[in-house]
Amino acid sequence: MRVQDIPVFGNLSDVQVIFSGVNIACPFAAYLMAENGARVINLEPAERPENARYRAQPYGFLCERKNELCVNLNMSSEKGQEVFLDLLKTTDIFLEGFKGGTFEKWGLTDERMWEANPKLVIVHISGFGQTGVPEYVSRASYDPIGQCLGGYVWLNGELDGQPQTAKPYTGDYVTALFACWSALAALVGARTNGKGESVDLAMIEALWKIQYDYPLVYFRDGVVKGRMGNNDPKVIGFGAYECGDGEYVFIALSGFGPVTKMAKAIGYSDPELDLEKTMILLRGNPVHTRYDDAIHEFCMQHTAAEVDELMLRFSVPCSRAYNIESIQENPQVKARELFGEWEDKHFGTLKAINPVPKMKNRPQQIWTGVRYWGEDNDDILKDIGYSEETIEQLYEQGIITRTPENGGYPIPAV
């Protein structure tokens with residue numbers, strides 16, 4: 001497929017995005033825009049394919065680089081930077097996911113990029129930000145490192161257990177969502193005011209931003225909230241319950257309605273329990289403890305699927321703890337078509353998650369699987385006015401690299 005053949009669809013069909021970054025946060029932000037119709041160019045190094053592509057099992061790469069064109073470019077060379085700046089002239093959003101200060105060190109400052117395109121939105125995505133203590137700005141960071149300084153490792157895990165990271169790659173994905181919305185917010189501003197924007201997004205700050213009232217509790221009351229696992233330390237009837245088949249359900253009895261409906265669902269009655277006045281079940285209350293024991297006993301007499309189905313009928317807030325295998329038969333997931341297939345010319349038919357969320361008037365599409373390393377070099381450069389002769393010179397100079405026969409993968413097609 002040529003650049004000119006890309007289908008027009010979605011809410012971002014008039015937006016061009018270039019991104020340069022590995023792993024998850026930066027590429028996933030760009031991928032969300034690609035699902036919604038943006039023309040997204042994955043800028044990989046000309047020296048070698050991106051690490052995620054070159055792994056023996058590049059499955060994450062296959063899921064999160066769909067709908068994207070691929071250009072490889074030697075950014076360390078002066079000529080490569082000239083090509084990069086030419087690409088920016090027709091670009092709305094540029095996202096980069098390197099250590100803080102990397103592009104500035106290369107001489108590619110915001111100001112230099114704005115000389116090429118004054119309306120450009122630049123999004124810098126890093127673990128610790130572009131400013132601050134130099135040792136932190138230039139410090140390498142992966143998801144668990146960001147979660148540590150972002151407070152999430154401290155909060156996750158069992159009450160008396162060791163701190164844990166939130167899986168999978170929660171810090172990266174939260175940061176990607178911040179990157180996506182902030183890029184689009186800045187784009188609205190750039191189109192309104194005619195002036196570009198530079199976004200400095202640090203994973204550690206994104207993680208602190210989504211901690212509800214925990215920071216305020218500390219500053220107002222001096223309380224450092226900690227790990228509490230699946231079960232609230234003050235409330236029962238709100239947590240994980242093991243079932244007879246060894247699987248679990250999560251039940252959330254909060255409010256008069258859920259507390260009453262649960263009693264009806266399991267056939268429980270207690271003259272000392274006033275269901276019309278019981279909004280939550282407090283730990284240490286013997287009446288509430290007896291009710292909670294009855295719930296535990298009921299769950300152990302049934303499978304997780306049976307408990308889940310019964311709670312659904314009685315409108316009790318509850319869910320079976322699904323995995324990827326068991327979720328396949330969930331009627332809501334099937335009705336919503338959460339999973340979908342696409343064709344990858346290297347790996348064949350693949351299946352994973354369809355675009356999320358669903359758009360009614362301008363829906364998303366998957367129009368291509370992962371493009372080969374450097375596959376779109378010629379098309380993209382011709383699109384911005386480069387001649388075939390100039391493009392050939394770039395190949396000869398090592399500024400761009402021709403696509404190898406295997407497309408940049410270390411393993412044969414299956």
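The model is predicted: local features need pLDDT of at least 70, side-chain atom pairs count only at pLDDT 80 or more, and totals for chains, interfaces and linings use all residues. Residues are numbered from 1 along each chain as its sequence is written, and side-chain values use heavy atoms, without hydrogens and water.

Reader: How much space lies in the largest pocket?
Author: On a 1 Å grid over the protein atoms alone, a pocket is an open set of points where a 1.4 Å probe fits, with protein on both sides within 12 Å along at least five of seven lines. Its volume is the space filled by probe spheres set on the points, which are joined across faces, edges and corners. For the largest pocket this comes to about 990 Å³.

Reader: Which residues lie nearest the centre of the largest pocket?
Author: Lining residues have an atom within 4 Å of a point. The largest pocket has 40 of them. Nearest its centre lie Gly21, Val22, Gly97, Phe98 and Lys99.

Reader: Which strand gives the most to the lining of the largest pocket?
Author: Strands (E, at least two residues) and helices (H or I, at least four) are DSSP runs, numbered from the N terminus. Among the elements that each supply at least two lining residues are helix 1 (25–35), strand 2 (39–45) and helix 10 (170–193). The top contribution, four residues, is from strand 2.

Reader: Which helix supplies the largest share of the lining of the second largest pocket?
Author: This pocket holds about 540 Å³ of space and is lined by 23 residues. Phe28, Tyr31, Leu32, Glu35 and Val356 lie nearest its centre. The largest share, five residues, comes from helix 1.

Reader: Why is helix 1 largely enclosed by the rest of the structure?
Author: Buried means under 20% relative accessible area (1.4 Å probe, protein chains only). Ala25, Phe28 and Tyr31 are among the buried residues of helix 1. The helix is largely enclosed because its buried residues number eleven of eleven.

Reader: What is the order of the three strands in the open sheet?
Author: Two strands pair if DSSP finds at least two bridges between them. Strand 8 and strand 9 (248–252) pair in the antiparallel sense over five bridges. The open sheet is antiparallel, in the order 8-9-11. Its edge strands, each pairing on one side only, are strand 8 (238–242) and strand 11 (318–320).

Note on methods. Buried means under 20% relative accessible area, exposed over 50%, partly exposed in between (1.4 Å probe, protein chains only).
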